[in-house]
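Please work through the following exercises on a protein chain. Each task sentence is followed by a solution in steps.

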Amino acid sequence: MNAAELILMCAQIWGVVGFVVALAFLSVGIDRIDEDARGAYFFRPLLIPGILVIWPLVLWRWYKYESGTDAWPARYAPPRKSHFAVGLILPAGIAVIIVAGLAVRQTWPSDFAPVQIEKPMVDTQ
């Protein structure tokens, strides 16, 4: 078995496990953890691709909800604490990227003469 076959086999296993988790979660779990999803069946197929990809996170969050160890007040605290730092880092990063792009910008070749493009000749036959 070469590397490509191994990667493909791992992706297939990941997808099959994700599909099983998606079926279980969308048929049983979503009703138990989200009261707004009760009776709403038409949006559930839209969730299948996402669950196929992040099924370990779905299982972990489902376990946290079911076991009651999910701390609602602390749920959004880490992202909110980082907003100020990200608000400073992003503009600085954009400025660094612009300055770096201007610093390594290529110059126009000096021995290249520009050529004016003529209108195409229209054949009126």
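The exercises below treat helices, core, aromatic pairs, salt bridges and surface in turn.

The model is predicted, so that local features need pLDDT of at least 70 and side-chain atom pairs count only at pLDDT 80 or more, while totals for chains, interfaces and linings use all residues. Residues are numbered from 1 along each chain as its sequence is written, and side-chain values use heavy atoms, with hydrogens and water left out.

**Exercise 1. Determine how many helices and strands the protein chain has, and what percentage of its residues count as buried.**

Step 1. Helices (H or I, at least four residues) and strands (E, at least two) are DSSP runs, numbered from the N terminus. On this basis the protein chain has 4 helices and 0 strands.

Step 2. Along the sequence, the pattern reads α-α-α-α.

Step 3. A residue is buried under 20% relative accessible area, exposed over 50% and partly exposed in between (1.4 Å probe, protein chains only). Of the 125 residues of the protein chain, 13% count as buried.

**Exercise 2. Identify the residues of the largest nonpolar core and the element that gives the largest share.**

Step 1. A nonpolar core is a set of buried Ala, Val, Leu, Ile, Met, Phe, Trp, Tyr and Cys residues joined through side-chain atoms within 4.5 Å. The largest such core has 10 residues: V21, A22, F25, L26, I30, A37, I51, W55, V58 and W62.

Step 2. Two or more residues of this core come from each of α1 and α3. Helix α1 gives the largest share, 5 residues.

**Exercise 3. Find the aromatic pairs and state which parts of the chain they link.**

Step 1. Rings of Phe, Tyr and Trp (its six-membered ring) pair if their centres lie within 6.5 Å; planes under 30 degrees apart count as stacked, over 60 as edge-to-face and the rest as tilted. The whole structure contains 2 aromatic pairs.

Step 2. W14 and W55 make a tilted pair, with 4.9 Å from centre to centre and 50° between the planes. This pair links distant parts of the chain, since W14 is in helix α1 (residues 3–33) and W55 is in helix α3 (residues 55–67), 41 residues apart. W14 counts as partly exposed because its relative accessible area is 40%, whereas W55 counts as buried because its relative accessibility is 16%.

Step 3. F25 and W62 make an edge-to-face pair, at 5.5 Å centre to centre and 75° between the planes. Here too distant parts are linked: F25 lies in helix α1 and W62 in helix α3, 37 residues apart. Both F25 and W62 are buried.

**Exercise 4. Locate the salt bridges and decide whether their residues are buried or exposed.**

Step 1. Side chains of opposite charge can pair when their charged atoms come close. A salt bridge is a side-chain nitrogen of Lys or Arg within 4 Å of a carboxyl oxygen of Asp or Glu. This rule gives a count of 2 salt bridges.

Step 2. R44 pairs with D31, their closest N and O atoms being 2.4 Å apart. The bridge links distant parts of the chain, with R44 in helix α2 (residues 44–53) and D31 in helix α1, 13 residues apart. R44 and D31 are both buried.

Step 3. R32 and E66 form a salt bridge at 3.1 Å, N to O. R32 belongs to helix α1 and E66 to helix α3, 34 residues apart. R32 counts as exposed because its relative accessible area is 54%, and E66 counts as partly exposed because its value is 36%.

**Exercise 5. State which residues form a nonpolar patch on the surface.**

Step 1. Patches are made of residues with over 30% relative accessible area and no salt bridge: like charges are joined within 9 Å, nonpolar side chains (Val, Leu, Ile, Met, Phe, Trp, Tyr) within 5 Å. Accessible areas come from the Shrake-Rupley method with a 1.4 Å probe; for residues, only the protein chains shown count as cover.

Step 2. The nonpolar patch is formed by M1, L6, M9, I13 and V17, which together have about 460 Å² of accessible area.

Step 3. M1 is found in the segment before α1. M1 counts as exposed because its relative accessibility is 68%.
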